[in-house]
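I opened a notebook for this structure today. My entries follow in the order I looked things up.

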Amino acid sequence: MRQHRRTLRLLGSLLLVAMAASVTGAAPAPAASPTPLDRVIPAPASVAPGGSPYRITRGTHIRVDGSRETRGVGEYLARILRPSTGYRLPVTAQGAGGIRLRLAEGPFGAEGYRLDSGRGGVTITAARPAGLFHGVQTLRQLLPAAVEKDSVQPGPWLVAGGTITDTPRYGWRGAMLDVSRHFFTVDQVKRYIDQLALYKINKLHLHLSDDQGWRIAIDSWPRLATYGGSTQVGGGPGGFYSKADYREIVRYASSRYLEVVPEIDMPGHTNAALASYAELNCDGVAPPLYTGTEVGFSSLCAGKDITYDFVDDVIRELAALTPGRYLHIGGDEAHSTSHEDYVKFMDRVQPIVAKYGKTVVGWHQLTGANPAKGALAQYWGLDGTSVEEKARVVKAAQSGTGLILSPADRVYLDMKYTKDTPLGLSWAGYVEVRRSYDWDPGAYLPGVPEGAVKGVEAPMWSETLENSEHIEYMAFPRLPGVAELGWSPAASLDWERYKGRLAAQAERWDALGIEWYRSPQVPWSVQ
């Protein structure tokens with residue numbers, strides 16, 4: 001009799017499944033609870049959970065106001081949600097309910113937003129389009145990870161009830177990609193941009209020139225790209241971006257609310273340029289192209305007028321291609337340049353950047369010269385960097401130079417996780433996930449005035465990286481933590497709480513096809 005009852009219950013269950021499938025075209029989804037509002041990365045500034053969740057259904061519309069920017073964010077959201085939900089999700093300015101994106105004045109700043117969720121719908125409100133876009137990234141993370149897949153998934157698509165009010169701690173939340181040691185195509189850069197956008201990164205720093213390759217076409221000096229860009233580390237074919245390619249990267253980044261910061265590293269790290277044009281060398285002799293990984297051996301000739309004609313031409317053409325505010329002039333590891341020549345060079349080059357309407361960014365060695373008014377210095381030292389070098393950076397900050405923090409033994413994403421990591425370098429030590437997260441940018445350099453720290457940036461150097469899978473393996477899971485350091489309030493930075501939120505991201509990375517490192521420091525929720 002007991003077996004008979006079990007059989008009847010089983011038949012009844014199968015009948016219910018069949019009935020549901022006949023109505024929806026798929027088996028019914030298992031019971032699910034929505035992701036709590038405080039489980040996203042970066043941690044929001046304020047979370048007030050409560051009320052019923054909102055469920056995205058076939059009848060959901062994405063409602064926008066009349067602005068072109070808001071419609072653009074709405075279409076972006078629809079493109080993410082349509083493949084996995086199978087719903088039409090029309091973007092419209094009509095009606096009420098559903099998912100609503102609205103611009104309105106409020107305490108949001110340039111990038112903040114408020115997300116209100118309840119049974120009747122989800123509303124994201126911001127003062128500027130960038131805030132709406134960042135709010136959409138939060139909405140993505142509140143939905144099941146399967147929402148990122150490119151085929152129809154069962155759902156349900158629930159958004160927890162309550163309110164998130166969110167603004168970033170810092171205005172500079174960057175990631176640098178070195179396309180010089182190894183060249184990455186436009187599509188590979190776009191893929192990384194999409195991954196950065198998910199975590200509210202707002203600056204893409206492109207390292208466009210180095211000893212091993214020059215990656216941007218300059219019409220007035222064409223051999224820079226055609227010859228200087230013809231190789232890479234290990235002697236591969238290299239490559240370069242045409243001006244149209246670069247404009248496409250800038251356009252795509254802008255559509256994800258990232259500002260491109262181009263870098264031409266000088267006076268050192270310039271062998272590709274020196275090999276392309278003999279007259280840029282002090283002795284007038286061009287060196288061979290270089291495919292190794294040593295640093296500090298090359299230098300533009302600070303005493304030649306043609307050097308500054310060259311710099312003027314390059315900056316003029318690059319500035320014309322770049323709508324953003326900043327242009328990075330490098331300045332690190334100029335070991336073959338005397339201190340006197342280094343100061344002379346920077347004193348002549350910084351005004352050229354200003355002449356073409358851009359603000360100077362340089363590696364923190366710039367503080368050993370005379371940083372221009374308004375210039376930003378990017379600190380890449382270590383915890384163990386000399387007291388004298390740190391003091392020089394602090395003094396510059398006290399004199400008005402803004403700082404971007406990129407300590408190499410914390411946030412250089414090309415550093416190995418452990419000695420067994422198959423990719424990356426270890427000159428700054430091993431950087432596991434906790435180390436990359438567990439520090440406070442606001443307190444990192446004692447003596448730096450409040451307000452001098454403009455933000456954080458995670459550089460990705462590419463000596464050992466050759467494709468998107470390599471980039472992703474080194475970026476994930478460390479990149480989200482750097483993003484949180486840049487966005488979230490200092491009081492919310494806590495490793496023990498963060499590692500649980502980070503663990504839950506792995507399923508999303510799998511859905512997006514992202515390669516990632518399974519750190520033993522994190523209690524991963526996927527097998």
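**Entry 1: a loop residue**

I started with Thr401, which I found in the loop between α10 (387-398) and β18 (402-405). Helices (H or I, at least four residues) and strands (E, at least two) are DSSP runs, numbered from the N terminus. I noted that this is a predicted model, where local features need pLDDT of at least 70, side-chain atom pairs count only at pLDDT 80 or more, and totals for chains, interfaces and linings use all residues. Residues are numbered from 1 along each chain as its sequence is written, and side-chain values use heavy atoms, with hydrogens and water left out.

Is Thr401 buried or exposed? Thr401 counts as buried, because its relative accessibility is 7%. Buried means under 20% relative accessible area, exposed means over 50%, and partly exposed lies in between (1.4 Å probe, protein chains only). I then listed the contacts of Thr401, leaving aside neighbours within four places in sequence: Pro371, Ala375, Leu376, Ala377, Ala396 and Ala452. Contact means heavy atoms within 4.5 Å.

**Entry 2: another loop residue**

I moved on to Leu493, in the loop between α14 (478-487) and α15 (495-512). Leu493 counts as buried at 19% relative accessibility. Not counting residues up to four places away in sequence, Leu493 touches Arg169, Tyr437, Trp439, Glu484, Leu485 and Ser488. I also checked Leu493 against Val361: they are 132 residues apart in sequence and 28 Å apart in space, C-alpha to C-alpha.

**Entry 3: two helix pairs**

Two packed helices are described by the angle between their axes and the distance between the axes. I looked up α8 (residues 305-321) and α9 (residues 339-355). They pack at an angle of about 30°, with axes 10 Å apart. That makes α8 roughly parallel to α9. Axes are lines fitted to C-alpha atoms, for helices over the stretch in contact, and angles run from 0 to 180 degrees between N-to-C directions. Angles under 35 degrees count as roughly parallel, over 145 as roughly antiparallel, 65 to 115 as roughly perpendicular and the rest as oblique.

Which residues meet here? From α8 I wrote down Asp305, Thr307, Tyr308, Val311, Asp312 and Ile315; from α9 came Lys344, Phe345, Arg348, Val349, Ile352, Val353 and Lys355. The residues of this contact of α8 with α9 divide into 7 nonpolar, 1 polar and 5 charged. Ala, Val, Leu, Ile, Met, Phe, Trp, Tyr, Cys and Pro count as nonpolar, Asp, Glu, Lys and Arg as charged, and the others, Gly among them, as polar.

Next I took α4 (residues 186-198) and α6 (residues 243-255). Their packing angle is about 15°, and their axes are 10 Å apart. That makes α4 roughly parallel to α6. Val186, Val189, Lys190, Ile193 and Asp194 in α4 meet Asp245, Glu248, Ile249, Arg251, Tyr252 and Ala253 in α6. I counted 6 nonpolar, no polar and 5 charged residues in the contact of α4 with α6.

**Entry 4: strands**

Strands of a sheet pair through backbone hydrogen bonds, either parallel or antiparallel. I traced an open sheet of 7 strands in the order β1-β9-β6-β7-β5-β3-β4, with mixed pairing. β1 (46-49) and β4 (91-92) stand at the edges with a single partner strand each, so one side of each has no neighbour in the sheet. Two strands pair if DSSP finds at least two bridges between them.

β6 (residues 113-118) and β9 (residues 162-166) run antiparallel, joined by 5 bridges. Tyr113 has Asp166 in β9 as its bridge partner.

Elsewhere I checked β10 (residues 172-178), which pairs with β11 in the parallel sense over 5 bridges. Met176 stands opposite His205 in β11. How many residues of β11 (residues 203-207) are buried? I found 5 of its 5. Lys203, His205 and His207 point one way from β11, and Leu204 and Leu206 point the other way.

Most residues other than glycine have a negative phi, and most peptide bonds are trans. I noted a cis peptide bond between Gly155 and Pro156, with omega about 0°. Another cis peptide bond joins Met266 and Pro267, with omega about 5°. Pro267 is in the loop between β14 (259-263) and α7 (271-276).

His269 is in the loop between β14 and α7 too. Its phi is near 55°, a positive value in a residue other than glycine. His269 counts as buried at 3% relative accessibility.
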